[in-house]
Amino acid sequence: PTIVRGLSYYTGLVFEAADRQGELRAICGGGRYDTLLSAFGWKDDLPACGFGFGDAVILELLQAKNLLPTDKDISATQADVVVFAFKAAAAA
(Lines give C-alpha, C1' and ligand atoms only; values in the text may rest on other atoms or scores of the structure.)
Protein backbone atom coordinates (compact mmCIF):
# COMPACT_ATOMS: atom_id res chain seq x y z
CA PRO A 1 0.00 0.00 0.00
CA THR A 2 1.02 3.58 -0.62
CA ILE A 3 0.35 6.61 1.58
CA VAL A 4 0.82 10.17 0.42
CA ARG A 5 0.62 12.81 3.15
CA GLY A 6 0.08 16.31 1.76
CA LEU A 7 2.42 18.13 4.11
CA SER A 8 5.84 19.07 2.77
CA TYR A 9 7.63 19.06 6.14
CA TYR A 10 7.79 15.26 6.37
CA THR A 11 11.33 14.02 5.76
CA GLY A 12 10.91 10.27 6.04
CA LEU A 13 8.39 7.70 7.15
CA VAL A 14 4.70 8.68 7.05
CA PHE A 15 1.81 6.67 8.48
CA GLU A 16 -1.93 6.54 8.95
CA ALA A 17 -4.05 4.52 11.36
CA ALA A 18 -7.44 3.16 10.34
CA ASP A 19 -10.24 1.22 11.99
CA ARG A 20 -9.99 -2.55 11.58
CA GLN A 21 -13.07 -2.78 9.38
CA GLY A 22 -11.81 -0.06 7.03
CA GLU A 23 -15.17 1.73 7.16
CA LEU A 24 -13.86 5.15 8.21
CA ARG A 25 -11.27 7.45 6.71
CA ALA A 26 -7.90 7.64 8.50
CA ILE A 27 -8.25 8.01 12.27
CA CYS A 28 -4.86 9.66 12.53
CA GLY A 29 -1.79 10.30 10.44
CA GLY A 30 1.72 11.53 10.92
CA GLY A 31 5.34 10.93 10.21
CA ARG A 32 8.93 11.96 10.69
CA TYR A 33 10.01 15.56 10.31
CA ASP A 34 13.67 16.24 10.99
CA THR A 35 13.77 19.88 9.88
CA LEU A 36 10.40 21.22 11.03
CA LEU A 37 11.63 23.03 14.15
CA SER A 38 14.38 24.91 12.34
CA ALA A 39 11.81 26.02 9.76
CA PHE A 40 10.03 27.81 12.62
CA GLY A 41 13.12 29.47 14.06
CA TRP A 42 14.69 26.80 16.27
CA LYS A 43 18.46 27.18 16.05
CA ASP A 44 19.20 23.53 15.16
CA ASP A 45 17.42 20.72 13.39
CA LEU A 46 15.91 18.20 15.79
CA PRO A 47 14.76 14.78 14.58
CA ALA A 48 11.12 14.31 15.53
CA CYS A 49 8.07 12.21 14.86
CA GLY A 50 4.46 13.16 15.48
CA PHE A 51 0.85 12.62 14.57
CA GLY A 52 -2.49 14.33 14.57
CA PHE A 53 -6.07 13.17 14.49
CA GLY A 54 -9.43 14.70 13.82
CA ASP A 55 -12.26 14.84 16.30
CA ALA A 56 -14.91 13.95 13.70
CA VAL A 57 -13.42 10.52 12.94
CA ILE A 58 -12.86 9.75 16.63
CA LEU A 59 -16.50 10.71 17.32
CA GLU A 60 -17.74 8.43 14.53
CA LEU A 61 -15.62 5.55 15.83
CA LEU A 62 -16.74 5.97 19.45
CA GLN A 63 -20.38 6.13 18.36
CA ALA A 64 -20.05 3.00 16.20
CA LYS A 65 -18.46 1.10 19.11
CA ASN A 66 -21.00 2.50 21.61
CA LEU A 67 -18.11 3.94 23.63
CA LEU A 68 -19.09 7.60 23.63
CA PRO A 69 -19.21 8.84 27.24
CA THR A 70 -22.57 9.93 28.60
CA ASP A 71 -23.19 13.33 30.19
CA LYS A 72 -22.98 11.61 33.59
CA ASP A 73 -19.54 10.15 32.75
CA ILE A 74 -18.25 13.51 31.54
CA SER A 75 -19.46 15.54 34.54
CA ALA A 76 -17.79 13.07 36.92
CA THR A 77 -14.39 13.37 35.22
CA GLN A 78 -14.00 17.05 34.37
CA ALA A 79 -10.49 18.37 34.79
CA ASP A 80 -9.89 21.19 37.26
CA VAL A 81 -6.39 21.93 35.96
CA VAL A 82 -4.52 21.30 32.72
CA VAL A 83 -0.71 21.53 32.78
CA PHE A 84 1.58 21.96 29.78
CA ALA A 85 5.27 21.42 30.47
CA PHE A 86 7.86 23.03 28.22
CA LYS A 87 11.26 24.63 28.48
CA ALA A 88 11.02 28.10 26.98
CA ALA A 89 14.75 28.82 27.30
CA ALA A 90 15.60 25.93 24.92
CA ALA A 91 14.11 27.79 21.95
CA ALA A 92 16.32 30.84 22.43
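This is a predicted model: local features need pLDDT of at least 70, side-chain atom pairs count only at pLDDT 80 or more; totals for chains, interfaces and linings use all residues.
**View 1**

**View 2. The pairing of strands β1, β2 and β3.** Strand β1, which covers residues 14-17, runs antiparallel to β2 and is joined to β2 by four bridges, and within this pair F15 has G30 of β2 as its bridge partner. Strand β2 is also joined, by five bridges and again in an antiparallel manner, to strand β3, which covers residues 49-53; here the bridge partner of G29 is G52 in β3.

**View 3. Burial of strand β2 and of the chain.** Strand β2, spanning residues 28-32, is mostly covered, with four of its five residues buried. For the chain, 12% of the 92 residues count as buried, while the exposed surface comes to about 7,700 Å², of which carbon and sulfur atoms supply 58%. Among the contacts in the chain with a separation of 6 or more, 32% are between residues 24 or more positions apart.

**View 4. The cysteines C28 and C49.** C28 counts as buried because its relative accessible area of 14% lies under the 20% cut-off. C49, by contrast, has a relative accessible area of 54% and is exposed, since exposed means over 50%. The structure holds zero disulfides.

Definitions and conventions: Residues are numbered from 1 along each chain as its sequence is written. Side-chain values use heavy atoms; hydrogens and water are left out. A disulfide is a pair of cysteine sulfur atoms within 2.5 Å. Buried means under 20% relative accessible area, exposed over 50%, partly exposed in between (1.4 Å probe, protein chains only). Contact means heavy atoms within 4.5 Å. Accessible areas come from the Shrake-Rupley method with a 1.4 Å probe; for residues, only the protein chains shown count as cover. Helices (H or I, at least four residues) and strands (E, at least two) are DSSP runs, numbered from the N terminus. Two strands pair if DSSP finds at least two bridges between them.
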